[in-house]
Amino acid sequence: LTPQDNTLWQGVNGTNNPCPAGFRLPTEAEWNTERLSWGINSAAGAFASPLKLPLAGVRNLNTGNVILQESYGVYWSSTVSGNDARRLLFDNTNIAMMEDFDRTDGNSLRCLKD
């Protein structure tokens, strides 16, 4: 988008908020607080959590194909970093907020009720 608009996914009233009315994407800080409460720092902890986050994979930005199912869980946050956004990424051994990632990539969403 030119010019860049970093407010499109921000809060329940974000212009392009991908969540239903009254819901919004979590921030990086909210994801960190949530993941630290799981006890197990891996996909097992993510799925055992109240959120039941699966290893859903990602949509490849070049082909549109869903890939890496059962290998990675990747969930957007609303936190912007330069031209990119932050995401929660986990596999069977690790979980963390990960590198800035191109906003055109297809990652999963988990919406929070405000």
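A salt bridge here is a side-chain nitrogen of Lys or Arg within 4 Å of a carboxyl oxygen of Asp or Glu. Before you click, note that this is a predicted model, where local features need pLDDT of at least 70 and side-chain atom pairs count only at pLDDT 80 or more, while totals for chains, interfaces and linings use all residues. Residues are numbered from 1 along each chain as its sequence is written, and side-chain values use heavy atoms, with hydrogens and water left out.

**Stop 1: the salt bridges**

Searching the whole structure turns up two salt bridges. Select Arg-86 and Glu-28: their side chains meet at 3.0 Å, N to O. This pair ties together distant parts of the chain, with Arg-86 in strand β5 and Glu-28 in helix α1, 58 residues apart. (Helices are DSSP runs of H or I with at least four residues, strands are E runs of at least two, and both are numbered from the N terminus.) Arg-86 and Glu-28 are both buried; buried means under 20% relative accessible area, exposed over 50%, and partly exposed in between, with a 1.4 Å probe and protein chains only.

Now pick Arg-24 and Glu-30, whose side chains form a salt bridge at 2.7 Å, N to O. Arg-24 counts as buried at 13% relative accessibility, whereas Glu-30 is partly exposed at 28%.

**Stop 2: helix α1**

Colour residues 28–36. Which residues of helix α1 are buried? They are Glu-28, Trp-31, Asn-32 and Arg-35. Looking down the axis of α1, these buried residues fall within an arc of 100° (taken from the directions from the helix axis to the C-beta atoms), so they line one face of the helix. On the face turned away from the buried side, you'll find the exposed residues Ala-29 and Thr-33.

**Stop 3: the core**

Next, show the largest nonpolar core, which has eleven residues, among them Trp-31, Trp-38, Leu-88, Phe-90 and Ile-95. Such a core is a set of buried Ala, Val, Leu, Ile, Met, Phe, Trp, Tyr and Cys residues joined through side-chain atoms within 4.5 Å. Two or more of its residues come from each of α2 (43–48), β5 (84–90) and β6 (95–102).

Centre on Ile-95. Leaving aside neighbours within four places in sequence, its contacts (heavy atoms within 4.5 Å) include Arg-35, Trp-38, Ala-46 and Leu-88.

**Stop 4: Leu-109**

Finish at Leu-109, in the loop between β6 and β7 (112–113). Leu-109 is partly exposed, at 32% relative accessible area.
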